[in-house]
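Thank you for coming; I would like to take you through one structure this morning, a piece at a time. Please keep the picture in view while I talk.

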Amino acid sequence: MKKYLLPNEGNFYKANLHCHSNLSDGVLSPKELKELYKAHGYSVLAYTDHDIFIPHNELTDDSFVALSGFEAQFNGNNKYPGVPNEKKCHICIIAGTPDIVKQTCWNEEYAYIGNVAKNKDKVKIDEKTSDFVREYSHDGISKMMKICRDKGFFITYNHPSWSLENYEQYINYDGMHALEIFNYSCELLGYQSYAPGIYDDILKSGKKIFAVAADDNHNKSRPDSCGGFVMIKAKKLKYEAITEALFNGDFYSSTGPEIYELYVEDNKVHIKCSDAVMISLTTDRRFSKCIWQEDGKFITEAVFDLNCECEYFRITVKDINGNHANTNAYFTEAI
Ligand SMILES: [Zn+2]
Ligand SMILES: [Zn+2]
């Protein structure tokens, strides 16, 4: 019997889960961002301005879902603004339902990036969780992740390379739903933008998290939109259907290639995808599989035997331009 890892039913909706508007340090207005992304085939955009949670539900319609969110920062020296060589931690916090309109863990002290100070009066505050003092520590960061998670938010841990964070930091953060496996803005700035090794580090520690590719666009001088995205397989294009799929992990990440089908049957994982030069299976063991194109012919499907004792596996698809699609990790005990 087939077990679908990406649901068989529903449609794929293209999404960018990390973006900045002119309410913080981006250039485009929320409406202009909607137009830009819609013009490039996107159906979902998460508005994640720095440290201010301002929902844009008015932008949601039959062909577009505006997810409400913010990007919270922790500064290594707990002072603001930070200094160039200190560590930081950035997390995207996306509301699971459109009726969440209050900012969890608000603290005015952090509202200073770009135009944030000018717009802070638009924020509605959750009195029960504010003022929240953000302490840059394993416990401080995990505490905010937990509070937001319990309030129904989806948490992504962003761009560890830009943040100068390493194993000692990220392995001790508890409560994230996903790691940002690719950040297009970091790619354009020359940081390590692709983090499959960090994804494996966190998975091997037993945390069952997902992988998100995103733009983190600010739309300043360089075109930093439409480079990293997730394809969400959801029953319909409605806010809660989209976030339900996010919480379930019914999506994959990509910088180009598409994945059409992913399922397990008779202990074999099957994948169907757009034209690829390589498809690989990665696990937590010294056990991997990889097929490459031969004679210049693209590959569009693969079948990998799961005859190993691995705890999890995940699949990567690479196209001729070096772009990659990454599935989430699937834990074998659940299959
Ligand atoms: Zn950031
Ligand atoms: Zn950002």
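The buried residues of helix H3 are covered by parts of the chain that include strand E4 (65-75), strand E5 (88-95) and strand E8 (153-157), where contact means heavy atoms within 4.5 Å, and helices (H or I, at least four residues) and strands (E, at least two) are DSSP runs numbered from the N terminus. This is a predicted model, in which local features need pLDDT of at least 70 and side-chain atom pairs count only at pLDDT 80 or more, while totals for chains, interfaces and linings use all residues. Residues are numbered from 1 along each chain as its sequence is written, chains are lettered from A and ligands numbered from 1 in the order in which they are written, and side-chain values use heavy atoms, with hydrogens and water left out.

Which residues of H3 are buried? They are Gly140, Ile141, Ser142, Met144, Met145 and Cys148, buried meaning under 20% relative accessible area, exposed over 50%, and partly exposed in between (1.4 Å probe, protein chains only). After H3 comes Gly152, which has a positive phi, near 95°.

Glu71 in strand E4 and His159, in the loop between E8 and helix H4 (167-170), are 88 residues apart and link distant parts of the chain. Glu71 is buried, at a relative accessible area of 1%, and His159 is buried as well, at 5%. Glu71 also bridges ligand 1 and a zinc ion (ligand 2), and the two ions lie 3.4 Å apart.

Notes:
Donors are N, O and S atoms within 2.8 Å of the metal (3.2 Å for Na, K and Ca); water is not among the atoms, so sites may look incomplete.
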